[in-house]
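Okay, everyone, thanks for coming.

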Amino acid sequence: MADRLAALPRRAELRAKAGLTRRLRPRAAGDAVVDLAGNDYLGLAAHPEVTAAAGRALSAYGLGATGSRLVRGSTDAHHGLEAALADWLGVDGSLVFSSGYLANLGAIRALTQPRTLLVSDAHNHASLIDGCRISGAETVVTPHADPAAVAAALAAAPGRPAVVVTESVFSVDGDLAPLAELHAVARRHGALLL
């Protein structure tokens, strides 16, 4: 353990020499910079209706969930939102997660069973990669946006339950997944497409 700790300054020095040192750059409230690197894809984080609703929720429920959803963190607001989403989608129920990362972990785990094969795009987001890892299922990583490689991976595992895992818009590159082609491949092999 002491050896590993002693090596940390040298590793930091090597990162700095390689130009890989990163520094936090706090942003001020009301910052008007156009953010092309954040996760506020729809631009709703500072929308007046959204912040007003958040203020009302903060006044009504306090700060934080106070526990996991299963223990004490589930509120009538959660249930109301989930019921409204299910109704809007025309399904029996829905489940809201606190982040996209957690939604990906939960979705992949829910779609796996013993013997499931996960076929994952090489450029998938870390949340999808982690979801594949924690699912315990065998994962085959295919070249980026390559429906033929996905088809080959599925063909190599006939009769196994399978899930093709991809982003729709890849968060790092900004390119689009070939969803129509992937959907056709998944259907042809009896796989799910996530």
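With that, the lining of the second largest pocket splits into 7 nonpolar, 2 polar and 4 charged residues.

Some housekeeping. This is a predicted model, where local features need pLDDT of at least 70 and side-chain atom pairs count only at pLDDT 80 or more, while totals for chains, interfaces and linings use all residues. Residues are numbered from 1 along each chain as its sequence is written, and side-chain values use heavy atoms, with hydrogens and water left out.

A pocket here, on a 1 Å grid over the protein atoms alone, is an open set of points where a 1.4 Å probe fits, with protein on both sides within 12 Å along at least five of seven lines; lining residues have an atom within 4 Å of a point. Volume is the space filled by probe spheres set on the points, which are joined across faces, edges and corners.

The second largest pocket comes to about 550 Å³. Among its 13 lining residues, Arg27, Val33, Asp35, Gly38 and Asp40 are closest to the centre.

The largest pocket has about 780 Å³. Its 21 lining residues include Asn39, Tyr41, Gly100, Tyr101 and Asn104, the closest to its centre. That lining divides into 9 nonpolar, 11 polar and 1 charged.

Finally, is Thr166 buried or exposed? Thr166 counts as buried because its relative accessibility is 10%, the cut-off being under 20% relative accessible area with a 1.4 Å probe, protein chains only.

How values were computed
Buried means under 20% relative accessible area, exposed over 50%, partly exposed in between (1.4 Å probe, protein chains only). Ala, Val, Leu, Ile, Met, Phe, Trp, Tyr, Cys and Pro count as nonpolar, Asp, Glu, Lys and Arg as charged, and the others, Gly among them, as polar.
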